[in-house]
Amino acid sequence: MDEQMRIVFLFILISSSATEKVKNLTGTEGGSITLPDPVVKEGFLLFGGKTVAMVINGNSKIYEGTLKDKVLWDKSTGLFTITGLQRNDSGIYVIDPKTGIASTTTYQLTVYEPVPPPAVKSVNVSTESCILLCWVEKAEGTTLLWYKDEEIVNQSSSAFSLPLTVLKQDFNSSYRCVSANPAEKKTALVNVSTTCSGQISPANNKRQYLAAIVIPIILTVIVVLAALIVRSLNKNRTTTTHTQGRFRETHRGAVY
């Protein structure tokens, strides 16, 4: 009997796939997905051509298999929910509410890894601009996007990090970095005025300006002083040598 039912349901799957468009669903590992078409009194849920669950006279029966402890049926709504999603739960699901072949619904479910949350930091700040870096710990299947207000200003689907240069006149604009995959997205909001402007104050600018001028002057003075000291030492050696030479000549004359 079970073998006959499988053949019938495979026929239903092939027929429905040929006559109607497959609906795409996405889920995240560890999460759950509710199939949006109900089975109210009688019907079946199939996965990969095999019967997963059956509803008869308003009561459900879950069959043995990889989904046995993961499929729930809500009697009040007639909806099936698959819990504890794993990557191997991806595949073709069919809802047959037993109201005729034309009413069957086919789903292509794809289960993705959870998208990593993005983090943002400033990497270079000046009086005219700020370079922000958005990054995630892993990038497999993840797209990074920079938004200015509602406009995408930079994006990458293959990098662990994504930089963005914000000019001073745009510091008050709204920026956010989004990490996303087809199943979900996560957002990091950025207050550019706090992240960037707060790192450079007028006092810091003055110190940097003074350092840029004073340090080269100090180094120049040190070099000049060192040169004068060396020159003075050489001059003293020369004077001492001449004095000793005259003393020897005088001493020799006195002896003779």
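The link of C134 and C177 is left-handed, with -80 degrees about the S-S bond. This is a predicted model, in which local features need pLDDT of at least 70 and side-chain atom pairs count only at pLDDT 80 or more, while totals for chains, interfaces and linings use all residues. Residues are numbered from 1 along each chain as its sequence is written, and side-chain values use heavy atoms, with hydrogens and water left out.

The sulfur atoms of C134 and C177 are 1.9 Å apart, a disulfide being a pair of cysteine sulfur atoms within 2.5 Å. The pair links distant parts of the chain, with C134 in strand β11 and C177 in strand β15 (residues 175-180), 43 residues apart; strands (E, at least two residues) and helices (H or I, at least four) are DSSP runs numbered from the N terminus. Both C134 and C177 are buried, where buried means under 20% relative accessible area, exposed over 50% and partly exposed in between, for a 1.4 Å probe and protein chains only.

The structure holds two disulfides, and the other joins C130 and C196. Its angle about the S-S bond is -65 degrees, again left-handed. Because C130 lies in strand β11 (residues 129-135) and C196 in the loop between α2 (192-195) and α3 (202-255), this pair ties together parts that are 66 residues apart in sequence. Counting bonded cysteines along the chain, the pattern is 1-4, 2-3.

Six strands form an open sheet in the order β1-β9-β8-β3-β4-β5, with mixed pairing; two strands pair if DSSP finds at least two bridges between them. At the edges stand β1 (23-28) and β5 (59-62), each with a single partner strand, so one side of each is left without a neighbour in the sheet. Six bridges pair β1 with β9 in the parallel sense, and the bridge partner of T26 in β9 is T110. By contrast, β4 and β5 run antiparallel and are joined by four bridges, with A53 opposite I62 in β5. These two strands form a hairpin with two residues between them, where N57 in the turn has a positive phi of about 55 degrees.
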